[in-house]
Amino acid sequence: MKRIAVWIVIVCMITALVGCSADSPKDTASTQATSETTTEKSAQTESGSTLSTDAVTTDNAFDFSAKTVRLNSGFAMPILGLGTWTLSNDEAENSVYHALKDGYRLIDTARYYQCEVGVGKGVRRAIDEGIVTREEVFITSKIMPSDYERASQGIDDSLADLGMDYVDLMLIHQPGSNDEAVYKAMEQAVRDGKVRSIGISNYYTPEAFDEVMSYAEITPAVIQNENHIYYQNTALREYVKKYGVVVESWYPFGGRGHTSENFNNETITAIAQSHEKTSAQIILRWHLQAGFIAIPGSSNPDHIAENYDIFDFELSDEEMQRIAAINQNRRYENW
């Protein structure tokens with residue numbers, strides 16, 4: 001009888017274990033799409049990718065050998081790119097072409113810039129010459145405020161002007177009166193295969209980010225803001241890390257009219273001299289090592305090449321601390 005009782009206990013234990021396993025299936029699609037990210041809640045899109053608004057764990061580590069960072073959407077994004085603000089279509093075409101030829105793989109534009117046609121031409125020119133394939137180029141655009149009441153059409157207009165079937169990242173250009181509907185349109189564009197990752201631009205506080213999270217089904221992958229040595233906004237960058245969100249810097253040199261102040265900062269010039277690099281190169285290297293994606297803009301082929309030549313040296317911890325000490329929490333723009 002004792003032997004029979006023991007076997008009954010063993011059978012019950014095995015049954016319980018099997019039942020627990022059956023009740024906890026692993027989301028293999030999510031595991032494959034975001035191998036470096038864990039989520040607490042997920043939903044499947046029509047294309048099989050994972051949507052999540054819960055906190056994720058990721059170290060947001062930049063891969064300097066690949067020159068990319070893994071986004072919480074599962075896609076790899078280059079950590080240094082070309083900005084196209086203020087460029088005409090002709091300038092954008094030439095700048096994009098030269099950038100891709102120099103090794104850039106991230107191109108940032110926006111509907112508001114009115115140069116998406118030129119950006120698309122520059123990419124296709126590089127593709128036609130065998131410099132890159134479309135899949136190797138990461139293209140970012142933004143929905144402009146005047147399109148916030150017609151966000152879905154705005155996305156389609158961007159794709160038409162770029163001459164692309166999809167963009168790699170679409171952002172809300174800045175906070176507005178219809179943010180939730182705009183964000184929902186971007187989420188639908190992900191489901192439709194028109195956009196791969198989504199994010200926000202010009203949201204500067206944890207509170208502003210939390211507002212987006214209150215209605216987001218897909219966690220933003222990127223926040224693009226004004227960031228430079230005088231405005232480092234460490235608090236926001238640290239806050240969004242737990243969501244796997246990466247912060248990207250427009251105006252990494254302070255923007256037009258302010259580059260001189262940034263380039264001639266005594267700390268920057270001293271560090272530049274010790275590395276035999278330019279101030280621009282030191283500032284960009286600081287951005288990347290601090291965890292910011294950077295998108296300096298230029299129409300000058302020499303400057304475009306110079307800005308990308310920052311992967312053959314590294315700033316020391318002491319140098320990073322000296323640059324961090326420059327911070328004044330001072331922005332140049334107010335929007």
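Which residue just after H5 takes a positive phi? In this predicted model, the residue is glycine 163, with a phi of about 75°.

## Helix H5

Helix H5 comprises twelve residues, 151-162. The distance from its first C-alpha to its last is 16 Å, close to the 16 Å expected at 1.5 Å a residue.

Seen by burial, H5 contributes Ala151, Gly154, Ile155, Asp157, Ser158, Leu159 and Leu162 as its buried residues. An α-helix has 3.6 residues a turn, so residues three or four places apart point the same way.

## The eight-stranded sheet

Eight strands build an open sheet with parallel pairing, in the order S6-S7-S8-S9-S10-S11-S12-S13. Strand S6 (81-83) and strand S13 (292-294) are the edges; each has a single partner strand, so one side of each lacks a neighbour in the sheet. On average, and with direction ignored, neighbouring strands of this sheet are turned by 30° against each other.

Glutamate 248 lies opposite isoleucine 293 of S13.

## The three-stranded sheet

Another open sheet has three strands in the order S3-S4-S5, and its pairing is antiparallel. Strand S3 (62-63) and strand S5 (76-78) form its edges, each pairing on one side only.

S3 and strand S4 (residues 68-70) run antiparallel and are joined by two bridges. Aspartate 63 has threonine 68, in S4, as its bridge partner.

Methods:
Residues numbered from 1 in each chain as written. Predicted model: local features only at pLDDT ≥ 70, side-chain atom pairs only at ≥ 80, totals over all residues. Heavy atoms only, no water. Helix = DSSP H or I, 4+ residues; strand = E, 2+ residues; numbered from the N terminus. Expected span 1.5 Å × (residues − 1). Buried < 20%, exposed > 50% of the residue type's maximum accessible area, 1.4 Å probe, protein only. Pairing = 2+ DSSP bridges. Axes fitted to C-alpha atoms, helices over the stretch in contact; angles between N-to-C directions.
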